[in-house]
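Trainee: I have a model open and would like to go through it with you. Could we begin with the terms and then turn to the strands?

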Amino acid sequence: MEAGDGRGGAEEEEEQVMSEVHLGCPPRFSGLYVSRFSFSSRPLGTSVGGGRCSGVCEQVAASSSSCDSPDAVTVDEDGDLVLDRRGRDRERSDRVLTVQHGITSSLRSVGLQVWKAALLLTDFVLHKSFTSSEFNGVTAIEIGAGTGLVGLALARVAKKIFITDRGTDVLDNCLANVRLNSSMLKFDGAKACVRELDWKMSWPPPVFKCDPSDPSSKYLWSTSEIEAVEKATTLYAADVIYSDDLTDLFFSTAKKLMSRGAEKVLYLTLEKRYNFSVDELDVVANGYKHFLSFFTVQDESRALDDNTCRPDFVGERMDLAEVPQYVREYDRGKDLEMWKIMYNPNPE
């Protein structure tokens, strides 16, 4: 996912895409931009006491853009505005994820943008960290991390998080985001380890020593890091399903990681993007059917669907109603999904 250098050529001629998350950002801005994603320990739409609003309460609404600066609004039970003197205290209790990102990019460099599926997975990590100890002290891997947003949220409670992607531009940006957030979110920067994980390469990767003359060598793996990855118990991936070829490579990489060492669970979020298919003569979600072919679906009763050829994975679609929204600066819409996927070493 190499980004262009702005000096023209093929990259300049490629079609540019923009995440909906960035719609409020400065138009025609070139280079990397810094956005602040705010959250607190309370989900959006809850009252100060944590329950449903009655009387006077503080309602925090979502904003459609990372570049807005939304403020909480206090209303009474009739919806009338009430001046709230607690505003300053609320602001002090907010946390902020500071993310450097591109506003637009070519398809090859979409990892430089923030996508809604990453914000949903960040909400999931925040919810678990605020309501349970499930992720406390875990060793985890973020695959296809892009800006590293999910890994940054997890670094608050994890023992170690490997934030992985490929391409020096994307990895440099991930590392910059780790440095931007380590002091603000109060985690040791060494807990968030940025490493290159090329889905076309074998696992485990070759072990290299850092070469001062090669800046990209700092993203190579050590023997101890490979051992730590194999002991990891959780994997995270957001918005990696948009191309059949990449989906093939993704699940190949997931199998390599999940078939070694400790038992692992993969949490994956995606956004279904619809286009007209000439083959099917209908509007379909790009790559979604191909994505579903990689695992047997487990329903709410824990029964598996009737699939005579069992894939290597078992997947369960998660109810988003059970994943409250904490990050304010996005609108979830109706096309986001979240899956919990397990490796099945002995498919019948």
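Mentor: Two strands pair if DSSP finds at least two bridges between them. Please keep in mind that this is a predicted model.

Trainee: In which sense do β15 and β16 pair, and over how many bridges?

Mentor: Strand β15, residues 313–317, pairs with strand β16, residues 336–343, in the antiparallel sense over 5 bridges. Within that pairing, Phe-313 stands opposite Tyr-343 of β16.

Trainee: What is the strand order of the open sheet?

Mentor: The order is β9-β8-β7-β10-β11-β16-β15-β14, an open sheet of 8 strands with mixed pairing. Its edge strands, β9 (192–196) and β14 (295–297), each pair on one side only. On average, neighbouring strands are turned by 25 degrees against each other, direction ignored.

Trainee: And which strands does helix α5 lie across?

Mentor: Helix α5 (residues 168–181) lies across β8 and β9, and runs at about 175 degrees to β9. Helix α6 (residues 223–230) lies across β7, β8 and β9, at about 100 degrees to β8.

Trainee: Changing topic: where is Ser-19 found?

Mentor: Ser-19 is in the loop between β1 (16–17) and β2 (32–39). Its relative accessible area is 1%, so Ser-19 counts as buried.

Trainee: What does the side chain of Ser-19 reach at 3.1 Å?

Mentor: It reaches the backbone nitrogen of Val-21. A polar atom of the Ser-19 side chain also lies 2.6 Å from the backbone oxygen of Val-114. Residues touched by Ser-19 include Ile-103 and Trp-115.

Trainee: Finally, how many disulfides are there?

Mentor: The count is 0 disulfides. Cys-174 is buried at 2% relative accessible area, and Cys-193 is buried at 7%.

Definitions and conventions
Residues are numbered from 1 along each chain as its sequence is written. This is a predicted model: local features need pLDDT of at least 70, side-chain atom pairs count only at pLDDT 80 or more; totals for chains, interfaces and linings use all residues. Side-chain values use heavy atoms; hydrogens and water are left out. A disulfide is a pair of cysteine sulfur atoms within 2.5 Å. Buried means under 20% relative accessible area, exposed over 50%, partly exposed in between (1.4 Å probe, protein chains only). Helices (H or I, at least four residues) and strands (E, at least two) are DSSP runs, numbered from the N terminus. A polar contact is a pair of N or O atoms within 3.5 Å; within protein, one must be able to donate a hydrogen and the other to accept it, and residues adjacent in sequence count only if both atoms are side-chain atoms. Contact means heavy atoms within 4.5 Å. Axes are lines fitted to C-alpha atoms, for helices over the stretch in contact, and angles run from 0 to 180 degrees between N-to-C directions. Lists of a residue's contacts leave out its neighbours within four places in sequence.
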